[in-house]
Amino acid sequence: PERYRDPKGTESLFNYFGDPVIDIDIHDAIHVHKALCPYDYFPSFVELTEEETRQFQEYSKKIAQAMHAGGEGHPWVGRRQRVMQHADEKLMALDSLLDTKLKDQSYMFMYSPEGYDPDDEERPDDELAGIKATEKIEKLMKDKGYKVSQYNGDTKMRDRKILQEKLAKGDLDALISMKCLNQGIDVPEARIGVFLSSTK
C-alpha cells in the first residue's frame, strides 16, 4: 500500500485500511498462490546520449539544491524522469529487437513513454507528447511489416474491445499503448510486453 513519493497518501491509506494483513512476494504470488502468471524478464540496457546525460546531470543538481533547501525537487524530478523515458537509444534498441528476438512475433503489448520528449522545442502537453511517442513506435513497426494499432486515451471504449479481440485472433501483432494497459486487460493470448516507458 505504500505510494511512491507520496507519504501523505500512504498515511491516508494506512489510517483508513489499517496495517497490511499479509505480505506476499512475487515468487509466492506466482508459484504458491497461482495469483499471477509466470514470466521471463529480459532487461535491455541503453545509454543516454551526451546531451541527455547533460540534461540528467543538470536536473539532478536542481533536485539536490531543492532538497537541500527543504523541498522535494519538483518539477525537476519529472523532467529528469522524462529524459530517461524518452532516451533516444530506446527506439534504436526496439529496432534491433524487432529484427532479432522479436522477429515474426505476435500477441505483443508495446508500452510507450508518456510525457513530452525533452528534445521537443515546443514542449507540448504530456498527453499529446505521449501520443507522439506511440506514433514513432507504430511507424517503426509498420515499416517492418508488423500489424499494429495504437491503444491510447483517444481510443473509444468500444474500439478497445475490438482491438483486444483482433490481437487475440492474430489479426494484429501488437497494441501500442501509453497508460491504458497499465491497469490490466483480459487478453490471455498476450505473450510479450515491451516496456519502452521504463525509467528504472
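Me: What is the bridge partner of Y151 in β3?

Reply: First, a word on the source: this is a predicted model, where local features need pLDDT of at least 70, side-chain atom pairs count only at pLDDT 80 or more, and totals for chains, interfaces and linings use all residues. Residues are numbered from 1 along each chain as its sequence is written, and side-chain values use heavy atoms, with hydrogens and water left out. Strand β2 (residues 148-151) runs parallel to β3, joined by four bridges, and two strands pair if DSSP finds at least two bridges between them. In β3, Y151 is bridged to S177.

Me: And which residue of β3 is the bridge partner of F109?

Reply: β1 also pairs with β3 in the parallel sense, over four bridges. For F109, the bridge partner in β3 is L175.

Me: In what order do the elements run from the N terminus?

Reply: The protein has seven helices and four strands. Helices (H or I, at least four residues) and strands (E, at least two) are DSSP runs, numbered from the N terminus. From that end, the order is α-α-α-α-α-β-α-β-α-β-β.

Me: What handedness does the unit of β2, α7 and β3 have?

Reply: Helix α7 covers residues 157-169 and forms a β-α-β unit with β2 and β3. A crossover is right-handed if, with the strands pointing away from the viewer, the path from the first strand over the helix to the second runs clockwise. This unit is right-handed.

Me: Are A174, I176, L175 and S177 of β3 buried or exposed?

Reply: Buried means under 20% relative accessible area, exposed over 50%, and partly exposed in between (1.4 Å probe, protein chains only). A174 and I176 sit on one side of β3, with L175 and S177 on the other, and both faces are covered.

Me: Why does S112 count as buried?

Reply: S112 lies in the loop between β1 and α6. A polar atom of the S112 side chain is 3.4 Å from the backbone nitrogen of T134. S112 counts as buried because its relative accessible area is 3%.

Me: How far apart are the C-alpha atoms of M178 and G153?

Reply: M178 is in the loop between β3 and β4, and counts as buried at 2% relative accessibility. Along the chain, M178 and G153 are 25 residues apart. Their C-alpha atoms are separated by 7.8 Å.

Me: What is the phi of D104, roughly?

Reply: Most residues other than glycine have a negative phi. D104 is in the loop between α5 and β1 and is exposed, with a relative accessible area of 67%. D104 is not a glycine, yet its phi is positive, at about 65°.

Me: And what about the phi of Y107?

Reply: Y107 is in the loop between α5 and β1. Y107 is partly exposed, with a relative accessible area of 28%. Though not a glycine, Y107 has a positive phi of about 55°.

Notes
Polar contact = N/O pair within 3.5 Å; in protein donor to acceptor, adjacent residues only side chain to side chain.
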